[in-house]
Amino acid sequence: MLAPMRRIDQIEPFRVMQLLERAKLLEAEGRKIIHMEIGEPDFPTPAIVIDAAHRHLDGGDNFYTPSTGSPVLQQAISCWYKKEYDVDVDAQRILITPGTSGAFSLIYAALLDAGESVLLSDPGYPCQRNFIRLNGAEPINIPVGPDTRYHLSAELIRRHWQAHSRAAVVINPSNPTGTLIDDQAMATLAETCRELGGYLISDEIYHGLTYGRQARCALEFDDNAIVVNGFSKRWAMTGWRIGWMIVPETLIDACRRVMQNIFIAAPTLSQHAAIAALRADDAVESMRLAYNERRHYLLNALPELGFDIVIEPQGAFYIYANVAKITPDARAFCWELLEQAGVAITPGEDFGVFKAAEHVRFSYATGLDDIRTGVQRIGDFLR
Ligand SMILES: Cc1ncc(COP(=O)(O)O)c(C=O)c1O
């Protein structure tokens, strides 16, 4: 029997999927489960996007686009950057990808040689580490806490940077903590990566879903930054598998070659839908307001139950809570909560190892009525 490559041993499963599978099984047995584990918008894709997709299908163009994407979408995104952040981005630097995940597999394949490394925050979005390992490179997971709003800082980057490091990644606002990076911190981060001769990679997939202040684009601080974004969250388009990446001119050719070989191109239908999404400001704003209402509710309710929220999250749809006052073992707590109370939340171990047993993540990408029921059930469970 042929075995898979040895590197696969280093690729961790997405543990929350096991919890989700169990939740689905309980639902099949007739139980009502409250889902606060999954980071997927509960809203349908905006109608203007669906209409555009229908029109496109009727037009019959279902052929490949160029590998770097439909020039119309590239141009539309370039104009959107001017409007949204007042930055000028040449449309050629915008590469259209199958989801933000596609952008990450592309950039790491284009950027990393075996043995090189990338700096990441722990806790952080788990797939990053695995994308890096798949390329034979090494993720350097750096513990972060409330003192840096759970983000890498310039000082941390300097301390952990190695001769073979190529980039540092920030997720702003963060998954799992929902916290935003301060503008000044972002400026020094960008400057530090430049000085060290590496790239700042900024995952901006939760931009637009912020409450209080807008997230700043890394390109506002460094024209050489690599920006990754997508339509899944802000525009509620997870299943369309469409995203983009902005790279410095020097990387375009390498990315194009990887793209041609791995994906050929992002789905044509989704690219056309995405052009319409960029005009869906009203729908995006009403989703944002709904998320904010849920966020307010949980920020009040959770501390009363003993969950400690050290830094108020101002973005994404997550609350990262310390459970040390409730349990020494967040994983066991999440499983018991699911089995006994029918509420699914994500244990900290999905996002790294640093203080993982002390933390859980709540997702409020689920309706307020369900969230209220969930809180009620958690209260009963804890009593
Ligand atoms: C921080 C972060 N980056 C990227 C992704 C992947 O998103 P996409 O659906 O665009 O592949 C996710 C999905 O949860 C995420 O949380």
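Two points on conventions. Residues are numbered from 1 along each chain as its sequence is written. Because the model is predicted, local features need pLDDT of at least 70 and side-chain atom pairs count only at pLDDT 80 or more, while totals for chains, interfaces and linings use all residues.

I start with the domains, whose bounds come from an automatic or database domain assignment. Domain 1 covers 6–44 + 282–382, and domain 2 covers 47–279. Their centres, taken over C-alpha atoms, are separated by 25 Å. The contact between them takes 34 residues from domain 1 and 35 residues from domain 2; two residues are in contact if their C-beta atoms, placed from the backbone, lie within 7 Å. On the domain 1 side, α10 (281–304) and β9 (318–322) each supply at least two residues. Helices (H or I, at least four residues) and strands (E, at least two) are DSSP runs, numbered from the N terminus. Helix α10 gives the most to that side, with seven residues. By class, the domain 1 side has 20 nonpolar, seven polar and seven charged residues. Here Ala, Val, Leu, Ile, Met, Phe, Trp, Tyr, Cys and Pro count as nonpolar, Asp, Glu, Lys and Arg as charged, and the others, Gly among them, as polar.

Next, the sheets. An open sheet of seven strands runs in the order β2-β8-β7-β6-β5-β3-β4, and its pairing is mixed. Two strands pair if DSSP finds at least two bridges between them. Strands β2 (94–97) and β4 (138–143) are at the edges with a single partner strand each, so one side of each has no neighbour in the sheet. On average, neighbouring strands are turned by 25° against each other, direction ignored. Axes are lines fitted to C-alpha atoms, for helices over the stretch in contact, and angles run from 0 to 180 degrees between N-to-C directions.

Within this sheet, β5 (residues 165–171) and β6 (residues 199–203) run parallel and are joined by five bridges. Ala168 has Leu200 in β6 as its bridge partner. Helix α5 (residues 127–134) packs on the sheet and touches β3 (117–122), β4 and β5, with its direction at about 150° to that of β4. Helix α7 (residues 183–196) also packs on the sheet, touching β5 and β6, and makes about 140° with the direction of β6.

Strands β3 and β4 are parallel too, with six bridges, and Leu119 stands opposite Ile140 in β4. From β3 the chain crosses through α5 to β4 in a right-handed β-α-β crossover: with the strands pointing away from the viewer, the path from the first strand over the helix to the second runs clockwise.

Another open sheet has three strands in the order β9-β12-β11, with antiparallel pairing.

Now the ligand. Which residues are closest to the ligand? Of the 13 residues that surround the ligand, the closest are Gly99, Thr100, Ser101, Gly230 and Ser232; a residue is near a molecule if its C-beta atom, placed from the backbone, lies within 6 Å of it. Helix α4 (residues 99–111) provides the largest share of this shell, three residues. The shell has three nonpolar, nine polar and one charged residues.

Last, the backbone. Most residues other than glycine have a negative phi, and most peptide bonds are trans. The bond from Asp122 to Pro123 is cis, with omega near 10°, and Pro123 is in the loop between β3 and α5. The bond from Asn172 to Pro173 is also cis, with omega near -5°. Asp86, not a glycine, has a positive phi of about 60°.
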